[in-house]
Amino acid sequence: MAKTRAGYPIKKKKMNQAEAIEYLHKDWLQQIIVIGCIMLISCLLAISAATTYTWSISVLRNKWVDVIIIAAVFFIAILMFYEYYLYMSKDNSYKKLLIIGITLFITVLGCQLFSHLISPYCSPLAVLPIILSIMIGGRTGFMGLVVTISTLLLSYAVMDYGMVGVLSNTFYEITTSLIVSMIRVLLIMFLIRRNYSRFKLLWGSAAINLVASLPIILLSMIVSTEWDYLLLSYTYSILGGFIAIIIFTALIPLYEQIFNVWTNFKLAEICSLSRPLLQRLSNEAPGTFNHCIIVSNLAEACAIAIGENPYLAKACGIYHDIGKLSAPEFFTENQKGYNPHDDLIPIHSAKMIISHTKIGYDMLIKAHLPEEIAKVALEHHGTTTVKYFHNKAKQLTEGTVNDKLFMYAGPSPTSKIAAIVMISDVVEAITRSRNTQNMAELQSIVDSVIREKIADHQFDNSEITFADLQKISVAICKVVPAVYHKRIDYNKGK
């Protein structure tokens, strides 16, 4: 033990929890942990591929070279997948990588198991790409499909044929099954981009499975042209598709709960007007509630226009002003004659208005809603100034005002969706107050709001482009007239 000059031993400082967590977040340590996990998963996949197909643990002694080859293939494939994820991912969370690893293991094990027990045509290949498409994104799902097919083909070839000799009919059956499964998966992934309802996904996948399995009849003719064999191949292919549907339908809710992943299904559910926070907003601040509904519709249309997640945008829009529940009467849309700001000095009024962003963030975090939605509630005013009370204070003090006291604390929007909600929030408020009906006037309002936010540097951290802003402007000008359209006065007709 080290000692000081006085001879007393040096006491080692104990690492507290915060320091331990900070240490674990070091990039090099996380790389080691992830690569170690990849090696472990690769070995498990190799063992599962070997033991399920030959149905004997003795294969580890008899074909240990083949097992090592498969493990190396899986390691390279998953490592490439990991690097791809780091390249595509915008966050530093490894939770999704854990989902990828677990689902890859389940998919490969299921394909090996059902191929051995039932038929090579009965591989539930769709499990991995569909889950990744729903949980992470379509590109990651497609990458998962490529990795799974490559590793499965090589593992089948190595374990059954030792990389030499003529491939048997079984390998052709496996290859045919994977080709048809790939067609099925691509069609389901196309469906996912347009249908986010659990019911539509389930029945849509079932319909695609029945139709997409038809090519198996033509491809199976390589092995045999007997109708009994072809019909049986088609039946097994359909069975494999339904097994995959059952597996990913069962896994998605488990993943949502275990990993706390907010899929589009869950985002759609939290936009239901029966949710407790939205019920409170409707009852206690009806004006704000109506404003949030319109902003959510605008945000959804804008997100679709620029390729962002419309479900997340809609959820962010509907919850962005939830902080106004702390004092709804201080916001004009909820006032019924009496204005409490008339009894306050401008600085106190500004504080009441400014506080709703931080309060909203805290309320959403406490309600266990996604961090992305809470951040939009915090950022949707950025670092802008509460102009009405700022100007009022200037008039009362003859211009000697601390401008920072009338500014939102920010931060400015850090995502495209936060920028969308910022624009939609301001445009909705202006068009409602002016009762805008003319399209040219509406276009002028939207453009001026966007220019003002650009000049105020509110979009500097959001990665939003001028092309995106142009599409947002067009989308808003399409939606607003539909919201505030004129109606016939039926009383006059009477």
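Colleague: At what angle do helix α5 and helix α6 pack, and how far apart are their axes?
Modeller: The angle is about 160° and the axes are 9 Å apart. Helix α5 covers residues 95-117, and helix α6 covers residues 127-135. Keep in mind that this is a predicted model.

Colleague: So how is α5 oriented relative to α6, roughly parallel or roughly antiparallel?
Modeller: Roughly antiparallel. An angle over 145 degrees counts as that.

Colleague: And what is the handedness of the crossing where α5 passes α6, left or right?
Modeller: The crossing is right-handed.

Colleague: Which residues make the contact?
Modeller: From α5 there are Lys 96, Ile 99, Ile 100, Thr 103, Leu 104 and Thr 107. From α6 there are Val 127, Leu 128, Ile 131, Leu 132 and Met 135.

Colleague: How do the residues of that contact divide by class?
Modeller: Eight are nonpolar, two are polar and one is charged.

Colleague: Let me stay on α5. Which of its residues are buried?
Modeller: The buried residues of α5 include Ile 99, Ile 100, Thr 103, Leu 104 and Thr 107. Others among them are Leu 97, Gly 101, Val 108 and Cys 111.

Colleague: What span should α5 have, and how far apart are its end C-alpha atoms?
Modeller: Its 23 residues, at 1.5 Å a residue, should span 33 Å. The end C-alpha atoms are 33 Å apart, so the two agree.

Colleague: Now Leu 128. Which helix is it in?
Modeller: Leu 128 is in helix α6.

Colleague: Is Leu 128 buried or exposed?
Modeller: Leu 128 counts as buried, at 0% relative accessibility.

Colleague: What does Leu 128 touch, leaving out residues up to four places away in sequence?
Modeller: Leu 128 touches Ile 100, Thr 103, Leu 104, Thr 107, Gly 144 and Thr 148.

Colleague: How far apart are Leu 128 and Ile 100?
Modeller: They are 28 residues apart in sequence. In space, C-alpha to C-alpha, the distance is 7.8 Å.

Colleague: Let's zoom out. How many helices and strands does the protein chain have?
Modeller: There are 22 helices and zero strands.

Colleague: How much of the chain counts as buried?
Modeller: The chain has 494 residues, and 46% of them count as buried.

Colleague: And what share of the contacts with a separation of 6 or more comes from residues 24 or more positions apart?
Modeller: Those residues account for 72% of them.

Colleague: Another pair, then. How do the axes of α16 and α17 cross?
Modeller: They come within 7 Å and cross at roughly 165°. Helix α16 is residues 346-366, and helix α17 is residues 371-379. The two are therefore roughly antiparallel to each other. Here too, α16 passes α17 in a right-handed crossing.

Colleague: Which residues of α16 and α17 make the contact?
Modeller: On the α16 side they are Thr 357, Lys 358, Gly 360, Tyr 361, Leu 364 and Ile 365. On the α17 side they are Glu 371, Ile 373, Ala 374, Lys 375, Ala 377 and Leu 378. By class, that contact has seven nonpolar, two polar and three charged residues.

Colleague: What do the buried residues of α17 pack against?
Modeller: They pack against α12, α15, α16 and α19. The buried residues themselves are Ile 373, Ala 374, Val 376, Ala 377, Leu 378 and Glu 379.

Colleague: Where does His 291 lie?
Modeller: His 291 lies in helix α14, residues 286-306. Its relative accessible area is 6%, so His 291 is buried. Leaving aside neighbours within four places in sequence, His 291 is in contact with His 320, Asp 321, Asp 425 and Glu 428.

Colleague: And Phe 190, how accessible is that?
Modeller: Phe 190 counts as partly exposed, at 46% relative accessibility. Phe 190 lies in helix α8, residues 169-192.

Colleague: On to the backbone. Which residues does a cis peptide bond join?
Modeller: Gly 410 and Pro 411, with omega about 5°. Pro 411 is in the loop between α18 and α19.

Colleague: What is phi for His 457?
Modeller: Phi of His 457 is near 60°, a positive value in a residue other than glycine. His 457 is in the loop between α20 and α21.

Colleague: And what about phi of Glu 463?
Modeller: Glu 463 has a positive phi of about 65°, although it is not a glycine. Glu 463 is found in the loop between α20 and α21. With a relative accessible area of 58%, Glu 463 is exposed.

Notes. Residues numbered from 1 in each chain as written. Predicted model: local features only at pLDDT ≥ 70, side-chain atom pairs only at ≥ 80, totals over all residues. Heavy atoms only, no water. Axes fitted to C-alpha atoms, helices over the stretch in contact; angles between N-to-C directions. Helix = DSSP H or I, 4+ residues; strand = E, 2+ residues; numbered from the N terminus. Parallel < 35°, antiparallel > 145°, perpendicular 65-115°, else oblique. Left-handed = near helix turned anticlockwise from the far one by under 90°. Contact = heavy atoms within 4.5 Å. Nonpolar A, V, L, I, M, F, W, Y, C, P; charged D, E, K, R; others polar. Expected span 1.5 Å × (residues − 1). Buried < 20%, exposed > 50% of the residue type's maximum accessible area, 1.4 Å probe, protein only.
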